[in-house]
2 protein chains.
Amino acid sequence: MPRVVSERSDAVTALAEVFRTHGFEGTSLSVITAKTKLGKGSLYHFFPGGKDEMAEAVLEEIGRWFEDRVFKPLRDEPDAEAAIEKMFEEVDRYFRSGRRVCLVGAFALGQECDRFERQVRGYFETWVMDLESCLIRAGRNETLARDLSEDAVIGIQGALVLARSIGQSAVFERTLLRLKKRLLERDHP
Amino acid sequence: MPRVVSERSDAVTALAEVFRTHGFEGTSLSVITAKTKLGKGSLYHFFPGGKDEMAEAVLEEIGRWFEDRVFKPLRDEPDAEAAIEKMFEEVDRYFRSGRRVCLVGAFALGQECDRFERQVRGYFETWVMDLESCLIRAGRNETLARDLSEDAVIGIQGALVLARSIGQSAVFERTLLRLKKRLLERDHP
DNA sequence: CACAGTATGTACTAATTGGTACAATTGATC
DNA sequence: GATCAATTGTACCAATTAGTACATACTGTG
């Protein structure tokens, strides 16, 4: 009876979208099978650990994506300011101008924060640290760099909350611009 | 067999804490009865509409709390800067220095955003608007006031996300200070 | 084409879900 | 102390939950 043969990685991508729109607790297996077109057979074959393992796989994929497109450039790109510009571009595209939610942020606000503590903490800690190192590379003094990087990550997460609430992607775009300006402003202590 | 007679308002307070720690979807009736010490009888007597009505009541209570302690002072307090100081004090206390989550913010990131759209949108819109009017009253020009108020509410919400993730209330406190300074800075365009 | 292992749908649990019905108990008021 | 509405525990319901078992079908390798 099996019709199409899928791959685990496709499943992870689909699962990410499901978790993002329904939340962890709101994502029942029936929702998953409906949205991913995968039967229980495939699901438990790919993820014997059930929902927990699915969420872990999703978080891992998200972590890899940000590592490749955002964190690593922040650390390695010789032109520090270009890396920051790139970060904002990638963030804007990834979150679809605020119409898409940050799953890690959503997990952070729920009890998932405990269950997936390692991944959630890792995501935000490396983001702040890598941005900080980039700012130092761009010539900022250390304490200011720490403050600015924390402020930027906080701003992005907060903007996602507010953009969803007020329902305008304008809020998100406006905030990204404001944050970018603050990070790249060279003529200020 | 009923032992103690409770009031609806007590139930709402208990429910708020349950929703905050378990999320809307994660809050099952069994969790509610366990944490609130209220049987199904009382629960459905107070909230015939079930979980939805409970959440609405909680959101209403939160809205009232912020209206009284934060929004109204922002609008009415003659000393605009004092109102802003008070806002940060109340916010810090309410969110227990970042150890407590903003239920409205958490709802905003989930599908509850659609179900309770009115309340979620109302909470954030009035917060931003009232803070904006307060800043104008404090002498800021209109466009800057709009930007600053949006930035502050975003910063608070983002700080809650990050504080939970990294697990330090220090992040929250530091952010509140930074935001307050930004709002009260008089010597800048 | 045969074979192996990987996928997959179906049927089945046992437990939990939100919700209803109702009789019993409470506490304030007369 | 009788009365009555407000409150509450218990028993119950149908639906859904996560998860298991397994026989069957697909697919790449030889």
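# A tour of a predicted two-chain model

Start by selecting B:S149, which sits in helix 9 (residues 142-166) of chain B; helices here are DSSP runs of H or I with at least four residues, strands are E runs of at least two, and both are numbered from the N terminus. This is a predicted model, in which local features need pLDDT of at least 70 and side-chain atom pairs count only at pLDDT 80 or more, while totals for chains, interfaces and linings use all residues. Residues are numbered from 1 along each chain as its sequence is written, chains are lettered from A and ligands numbered from 1 in the order in which they are written, and side-chain values use heavy atoms, with hydrogens and water left out.

**Stop 1: around B:S149**

Is B:S149 buried or exposed? B:S149 counts as buried because its relative accessibility is 0%; buried means under 20% relative accessible area, exposed over 50%, and partly exposed in between, with a 1.4 Å probe and protein chains only. Now show its contacts, meaning heavy atoms within 4.5 Å. Apart from neighbours within four places in sequence, B:S149 contacts B:V128, B:L131, B:E132 and B:L135.

**Stop 2: B:V70**

Move to B:V70, in helix 4 of chain B. B:V70 is buried, at a relative accessible area of 1%. With residues up to four places away in sequence left out, B:V70 touches B:W65, B:M87, B:E90 and B:W127. For a distance check, pick the C-alpha atoms of B:V70 and B:L135: they are 14 Å apart, and the two residues are separated by 65 residues along the chain.

**Stop 3: helix 1 of chain B**

Select residues 8-22 of chain B, which form helix 1. Its 15 residues reach 21 Å from the first C-alpha to the last, close to the 21 Å expected at 1.5 Å a residue; the expected span is 1.5 Å times one less than the number of residues. Colour the buried residues of this helix: B:A11, B:V12, B:L15, B:A16, B:V18, B:F19, B:R20 and B:H22. An α-helix has 3.6 residues a turn, so residues three or four places apart point the same way. What covers the buried residues of helix 1 of chain B includes helix 6 (103-109) of chain A, along with helix 2 (29-36), helix 3 (40-46), helix 4 (51-76), helix 5 (80-94) and helix 6 (103-109) of chain B. After helix 1 of chain B comes B:G23, with a positive phi near 75°.

**Stop 4: two loop residues with positive phi**

Most residues other than glycine have a negative phi, and most peptide bonds are trans. Select B:R96, in the loop between helix 5 and helix 6 of chain B. The phi of B:R96 is positive, near 50°, and at 44% relative accessibility B:R96 counts as partly exposed. In chain A, go to A:S97, in the loop between helix 5 (80-94) and helix 6. The phi of A:S97 is positive too, near 55°, but A:S97 counts as buried, at 14% relative accessibility.

**Stop 5: the interface**

Show both chains. How many residues of chain B are in contact with chain A? There are 39, in contact with 39 residues of chain A. The area buried between the chains is about 3400 Å², 58% of it from carbon and sulfur atoms; buried area is the accessible area (1.4 Å probe) that two parts lose on being put together, summed over both.

Ten salt bridges are found across the interface of chain B and chain A, a salt bridge being a side-chain nitrogen of Lys or Arg within 4 Å of a carboxyl oxygen of Asp or Glu. One to display is A:R174 with B:E150, whose closest N and O atoms are 2.6 Å apart. Helix 1, helix 6, helix 8 (117-137), helix 9 and helix 10 (169-184) of chain B each give two or more residues to the side that touches chain A. Which element of chain B gives the most to that side? Helix 9 does, with 16 residues.

Next, select A:T175, in helix 10 (residues 169-184) of chain A. A:T175 is buried, at 0% relative accessibility. Leaving aside neighbours within four places in sequence, A:T175 contacts A:G155, A:A159, B:E150 and B:I154.
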